[in-house]
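Please walk through this model one piece at a time. Keep the sequence and the 3D view side by side.

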Amino acid sequence: MSTTSRLWIGLGLLLASTFAVLLWVGRGIYQQAPPLPDRVVTTEGKVLFTRADLETGRQVWQSIGGQQLGSVWGHGALIAPDWSADWIHREALALLDRWSLRETGKPYAELDEAAQAALAVRLRREVRSNTYAADTGSLTVSPDRAAAIETVVAHHVSLFGDDPAMSKLRETYAMREGSVDTAGHRRQLAAFFFWTAWAATAQRPDSEVSYTSNWPYDPLVGNTPTSDAFLWTVFSVLFMLAGIALLAWHYAAWHGKEPPLTPPAQDPLASLTITPSMRATAKYFWLVIALFLTQILLGAVTAHYQVEREFYGFALSDVLPYSLSRSWHTELAVLWIATAWLGTGLYIAPAVSGHEPRFQRLGVNLLWGCLIIIVAGAFAGQWLAVMQQLGLAHNFWFGHQGWEYVDLGRFWQIFLFIGLVLWLVLMGRALWPALRRRDDLASIVGLLFLSTVCIAGFYAAGLMWGEHSHLSVVEYWRWWVVHLWVEGFFEVFAVAVVSFLFVRLGLVRARTATENVLFATIVFMAGGVLGTFHHLYFAGTTTAVIALGASFSALEVVPLALIGLEAHETWSHGRATPWMQRYRWPILFFLAVSFWNLVGAGLFGFLINTPLALYYMQGLNLTPLHGHTALFGVYGMLGLGLMLVCLRGLRAEQDWATGWLRGSFWLLNIGLSLMALLTLLPLGVLQLSAALEQGYWHARSAEFMSQPIVHLLVWMRVPGDTLFAVGALLFAAFVARLWLRRGGGSAAKAGEEA
Amino acid sequence: MIEFYPQIKAVHVAAVIASGSLFAARGLLMLVNSRWTHHAVLRYASYAIDTVLLTAALMLTSLIRQYPGTHGWLTTKVVFLAVYIVLGTFALKRARTRWGRGLCFAGALSVYLFIVSVARAHSGFGIFLRLGG
């Protein structure tokens, strides 16, 4: 049996076994999710909330942007509090004050240490006891706790309305006046927040750990890290070190043993025939530029809302509130990168097989039209939802689902899924002759096709939840999309495409590339599939999630630790022959991918990866530190690099303004570094310190976020963001020049692309 | 944040002085046909200083809640900043003759000084306010 066959069998077994475990643990999440009571009642029989209140409250929360304004169980936006953590602390203080005033005549804060400790013990007993009765569906609370709950409800009803007394707090939280339309909806929203807080403190039956594994950290209510979190943190580091050692041994034993390949005398891709469908992909790249620039602009607006409601004198938040600008900023990140990759796939596929199927260009144009309609339609629905113009009845289908990165209304999700299936069909038709040839390239082409099947198919995970699915269940499937789809199968696709390019350029043997790609896929899928669970440690899940998530996600760092070897190989390819100068800039963007893979994904990712670290860091600025440097640094840079490869074929050589590309490349990298080092990292560390000292709620509180030092650090984003934006503009100008400049080699054909 | 107002203003003023001085130096180098005019170090120093200047300016507008478009003196500053940039570009690079470059250089410096006077007077008339008595 050949090495390639063995690797294919290994990959098949790995995927089968890891997905079986992923589904099996997922079943446990369905079964052991925190219960949703039929009613919340006092011991005296007074009903505080019904199940309908909790469910409608969640719909209200989703309609105003959900995870795009504050967070729940740590998942969501950085501005505005984590509503669960905030509720826990407010309710605790209200209850302590109530007892203290009644029994001593003094507020809790004025009691001596011993008296405070006595009341705190009583508080922990009260809120950690699980008083939910499965047989009656009732969650029972004491009259004192009910009064404390009502205090916090009143706070939320006022905050989400237009009470002038709360205007300053709304500005700090970047909320619009009258965020929620009616007082009834505001109360139901508060009911939903209460339930998330209850599940975060109430202990699971026969356990001393809450449904969210004691997240968020708040010693006042006895929420402290579990022993499991500590245990699996330590073991995950061990697993990672062992993995690095094993992979280093593999490299030493097997890597670079073949004699180097002599590159061809001329660029083999220079003679590539550009088919009509390949030429039609140009408009994908124009769309990429438009979406990328819009995303940056929205990012600047979103960041600015951290310091003031107005945008340099314009009342922008009246028409573009924070939850909306952030929704579009995060969605556009995925959309433009995905569009770059879809365009690359459609450009590469006929080049791989040398076959242009009938009506392929029509299909490419149709898919592009669909993408435009999806973006415009979904964003219009989200605007209507957040402005509270759509109503709850249509919100799930056409408005704002409120789930970060998959915020599109269900109708638009289905439309996008259909678009991805169309992409799969277009890719399959073009690749089919190459798949049937069974030559040296068959395995890489097979893997490329497999990744397109997975990209199209796995987006369907985003359709697995319904309008009323349990929060933990939605989170489980959401991370299938965000982690498995984006971080997993797009990665396979990218590795296969880049390897294929090097093979076609004659720099790598097909067999070697095939084995390397299959091996690399096995290595990162070994950690990647079950690594999905590291997003779910505290999302109402079980201990198995912490154990598996910590262990396997630590393995995701293993290939990143040795990425220098891959980077050196890419760099060597760039210098293999004089004509590789043609690909200097795509190669440099690929090198940037390696750099940010190490720094953004590896270092900043592992910083927040272990259960113990994430317990304190989730939802602080250390999360976007990883988010920006990994999502743009790795996938964004890769998208731009792949785009340059396609543009190299689409436009003649004399059109290339390398000075603009040089400026763009360095400004994007320096801008991203400054954004990380001047704002996100120091602000994240300050928040971490606050969380460790006083509790998670404090690190996200208005009191903390209004400090002058926090505002100063937010302002420090301007230098980095400005350089980054100029870099993006230079890239856009470079692309525009390829088509607009007169007298370019293929400029005469410009009309054909449209 | 208002606590940092004096420091931010100091950074802004220092960046204005550094930016203007660097431009003046490069302009003089241009007049004597020095190849140092476009040296990478001077160009990158100029980008860095101007980025700091812009950051501090944006911070100050937010702190004092006065913005271009709504407050005349800031609107004047932004409009003349655009004029200054255009003249500066022609002075250092785009103007075809040495005479033309020199003229643009003198114009850019005059505009620069006028912007400074607008900032000091908090009035769109700047130096002309004082001259007019």
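Helices here are DSSP runs of H or I with at least four residues, numbered from the N terminus. That tells you where helix H14 of chain A stops. Just after H14(A), A:Arg438 takes a positive phi of about 55 degrees. Bear in mind that this is a predicted model.

Now step back into the helix itself. H14 of chain A covers residues 410-437, 28 residues in total. From its first C-alpha to its last, H14(A) reaches 40 Å. That is close to the 40 Å expected at 1.5 Å a residue. There is still a bend in H14(A). A kink of about 50 degrees lies at A:Leu431.

Which residues of H14(A) are buried? Among them are A:Trp412, A:Gln413, A:Leu416, A:Gly419, A:Leu420 and A:Trp423. Further along, A:Leu426, A:Met427, A:Arg429, A:Ala430, A:Leu431 and A:Ala434 are buried too. Look at the spacing in that list. An α-helix has 3.6 residues a turn, so residues three or four places apart point the same way.

Turn next to the domains of chain A. The domain assignment gives domain 1 as 43-224 and domain 2 as 564-754. Their centres, taken over C-alpha atoms, are separated by 39 Å. The contact between them takes 19 residues from domain 1 of chain A and 15 residues from domain 2 of chain A. On the domain 1 side, helix H3 (83-104) and helix H6 (167-172) of chain A are the elements that give two or more residues. H3(A) provides the largest share of that side, 4 residues. By type, the domain 1 side divides into 11 nonpolar, 5 polar and 3 charged residues.

In an unreviewed entry, UniProt lists residues 37-217 of chain A as "domain: Nitric oxide reductase subunit B cytochrome c-like". In the model, this span is 51% helix and 10% strand. The end C-alpha atoms of residues 37-217 of chain A lie 24 Å apart.

Finish in chain B. B:Ala48 is found in helix H2 of that chain, residues 40-64. Is B:Ala48 buried or exposed, or partly exposed? B:Ala48 counts as partly exposed, because it has 14 C-beta neighbours inside 10 Å. B:Ala48 and B:Ala15 are 33 residues apart in sequence. In space, 9.7 Å separate the two, C-alpha to C-alpha.

Conventions
Residues are numbered from 1 along each chain as its sequence is written. Chains are lettered from A and ligands numbered from 1 in the order in which they are written. This is a predicted model: local features need pLDDT of at least 70, side-chain atom pairs count only at pLDDT 80 or more; totals for chains, interfaces and linings use all residues. UniProt positions are given in the numbering used here, feature names are shortened, and annotations may be inferred rather than shown by experiment. The expected span of a helix is 1.5 Å times one less than its number of residues. The bend at a residue is the angle between axes fitted to the seven residues ending there and the seven starting there. A residue is buried if 20 or more other C-beta atoms lie within 10 Å of its own, exposed if 12 or fewer, and partly exposed in between; C-beta atoms are placed from the backbone. Domain bounds come from an automatic or database domain assignment. Two residues are in contact if their C-beta atoms, placed from the backbone, lie within 7 Å. Ala, Val, Leu, Ile, Met, Phe, Trp, Tyr, Cys and Pro count as nonpolar, Asp, Glu, Lys and Arg as charged, and the others, Gly among them, as polar.
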